[in-house]
Amino acid sequence: MKVLLAVADAQSFAGGAKRMGMSPPSVTRVIAGLERRLGTLLLARSTRSLRLTEAGRRYVEDCKRILLDLEEAEELATGSSIRVRGNLTVTAPVMFGELFLIPLITEYLGEHPDVVIHALLVDRLVNVVEEGVDVAIRIGQLPETGLQAIHVGQIRPVICAAPAFLDRVGRPISPNEVLASPIVMSSTSSLLTDWQFQVGPNSITLHPKPRLVVSSNQAAINAARIGWGFTRVLSYQVADLVSKGELEIVLDEFGTSALPVHVLYQGGKRVPAKVRTFVDYCASRFLENPGLHVVTRT
């Protein structure tokens, strides 16, 4: 496995041999024997280039994981402290990642120089197992996934507008009042297109007709911040602007139940050090962040 990784990284048998301190013919024999045993071609050779086949790419990724697990097992067996290292893939919704996850990742990388992180920020449900994700941030109720989950906060949809806009049109005292005012809406989230409210013991749903529809939550927030109208977003997305007085939440007393925020990861008998330390890092900081802890409404 180590010989294959060396050849793949160097993109040549000679380069791999130099890295391993072996002769090029010996490296060639090792790779040929590995391919023969597996019954598949790992490296596509030509007179000018060497590249991994599709099977080779998958096998190399598995080799990296297996060798890292082996090194950590040996460190545990000898009583050494485990060195945090390796590639880590994390995923989160786009805006959550931009506001909360990326700053946290940069801090974590500063403390763990042997870790490389790939951040997948997408507004879709990522299959953690099939897409090779180590850690995922999820907003909303969790289905049964078999993954380990740590509850790190709660958020909820809120309606907000600029204070100057509210001074001009008035602050609504009932949900229906916002429908007559300009509304900007993001089309990226089904959570925000139908506006739910809790009125006493009853839940009601309004279907606003926005005059401005945008393709991102940030664009909707920007339009609201400059005083164009109302928008409905998730509380964490405007927590900083609300604290600065640039946006104001309205109809808060009609708010719906909070949505949980979880950190998910694949469990097992032994979680890799890179996953364990990153999950702990996320959980401790998210639990301390006031933007992720709105008052629960039932």
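## Leu43, a buried residue

At 1% relative accessibility, Leu43 is classed as buried, a label for residues under 20% relative accessible area with a 1.4 Å probe and protein chains only, while exposed means over 50% and partly exposed is in between. Leu43 sits in strand S1, residues 43–45. Strands here are DSSP runs of E with at least two residues, helices are runs of H or I with at least four, and both are numbered from the N terminus.

Leaving out residues up to four places away in sequence, Leu43 touches Leu4, Val7, Phe13, Ile31, Glu35, Leu50, Arg51, Leu52 and Thr53; a contact means heavy atoms within 4.5 Å. Ala55 is twelve residues from Leu43 in sequence, and their C-alpha atoms are 8.8 Å apart.

## What you're looking at

This is a predicted model, where local features need pLDDT of at least 70, side-chain atom pairs count only at pLDDT 80 or more, and totals for chains, interfaces and linings use all residues. Residues are numbered from 1 along each chain as its sequence is written, and side-chain values use heavy atoms, with hydrogens and water left out.

## The overall shape

You'll find ten helices and 14 strands in the protein. Its radius of gyration is 26 Å, well over the 19 Å that the globule rule gives for 298 residues, so the protein is more spread out than a compact globule. That radius is taken over C-alpha atoms, and the rule is 2.2 Å times the number of residues to the power 0.38. Along the principal axes, the C-alpha atoms fill a box of roughly 80 × 45 × 35 Å. Of the 298 residues, 43% are buried.

## The largest pocket

The largest pocket has a volume of about 1100 Å³. A pocket is an open set of points on a 1 Å grid over the protein atoms alone, with protein on both sides within 12 Å along at least five of seven lines, and lining residues have an atom within 4 Å of a point. The volume is the space filled by probe spheres set on the points, which are joined across faces, edges and corners.

The lining has 32 residues, with Glu61, Lys64, Arg65, Leu68 and Lys274 closest to the centre. Helix H4 gives the most, with nine residues.

## The cavity

There is one cavity of 30 Å³ or more, a cavity being a set of points where a 1.4 Å probe fits but cannot get out. Its lining has 14 residues, and Pro157, Val158, Ile159, Leu251 and Gly255 are nearest the centre. Strand S7 gives the most to this lining, with three residues.
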